[in-house]
Amino acid sequence: RQKWNLALKETIDPYNVVSAAFGSALSQMDRDTPDYGQGGSALGKRFGAAWMDLTTQNFFSAGVLATVFHQDPRYFRKGPQAGVPSRVVYSLSRLFICRQDSGASAFNVSGILGMAMGIAASNVYYPQGSVRGSVMFGRVETSLTGGIFGNLMSEFWPDIQHKILHKRTHGFLSHL
């Protein structure tokens, strides 16, 4: 139940919704795929597709596969007691390594396979011209880049809030 709640929380998280909107705007400006054309309607379709990408990947990764493979989809910070280079390497490694429900480390099959399943599912709602290998590979790149950025934010945002913004680590984005 907690994994399904996490999948839902990640899907409706304001940071992720804004990220989908930002990515949609960039895609619109660059006339990238998915090829919905131009204008307000096309931008809305791009945003819907981007948010659906996030939703399907969360559904498969944090919900279905994390349950099936007994993996914990949460990010666990290394924390400020470790050095910055060590924390960066750790953040990157979490794309491919996760905790099992038992606490042991394992290959992040739920995250990687869930990403692939989400990208495959996107072929249902992407325009036909955007359903080809090169476009799907671009979606893999986008998902991995988003994972990298998300992990780095999860690792360092509480420190940034505390040191630079002089805020405690609760409130907006503190859960990262």
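User: Which residues line the second largest pocket?
Analyst: This is a predicted model, where local features need pLDDT of at least 70, side-chain atom pairs need pLDDT 80 or more, and totals for chains, interfaces and linings use all residues. Residues are numbered from 1 along each chain as its sequence is written, and side-chain values use heavy atoms, leaving out hydrogens and water. A pocket is an open set of points on a 1 Å grid over the protein atoms alone, where a 1.4 Å probe fits, with protein on both sides within 12 Å along at least five of seven lines; lining residues have an atom within 4 Å of a point. The lining here consists of Q2, K3, L6, D72, P73, R74 and D101.

User: Which helix gives the most to the lining of the second largest pocket?
Analyst: Helices (H or I, at least four residues) and strands (E, at least two) are DSSP runs, numbered from the N terminus. With three residues, the main contributor to this lining is helix α1 (residues 2-12).

User: How many residues apart in sequence are the parts that D101 and K3 tie together?
Analyst: D101 and K3 form a salt bridge, with the closest N and O atoms 2.8 Å apart; the term means a side-chain nitrogen of Lys or Arg within 4 Å of a carboxyl oxygen of Asp or Glu. D101 is in the loop between β2 (97-100) and β3 (105-107) and K3 is in helix α1, so the parts tied together are separated in sequence by 98 residues.

User: Is K3 buried or exposed?
Analyst: Buried means under 20% relative accessible area, exposed over 50%, and partly exposed in between (1.4 Å probe, protein chains only). K3 has 16% relative accessibility, so K3 counts as buried.
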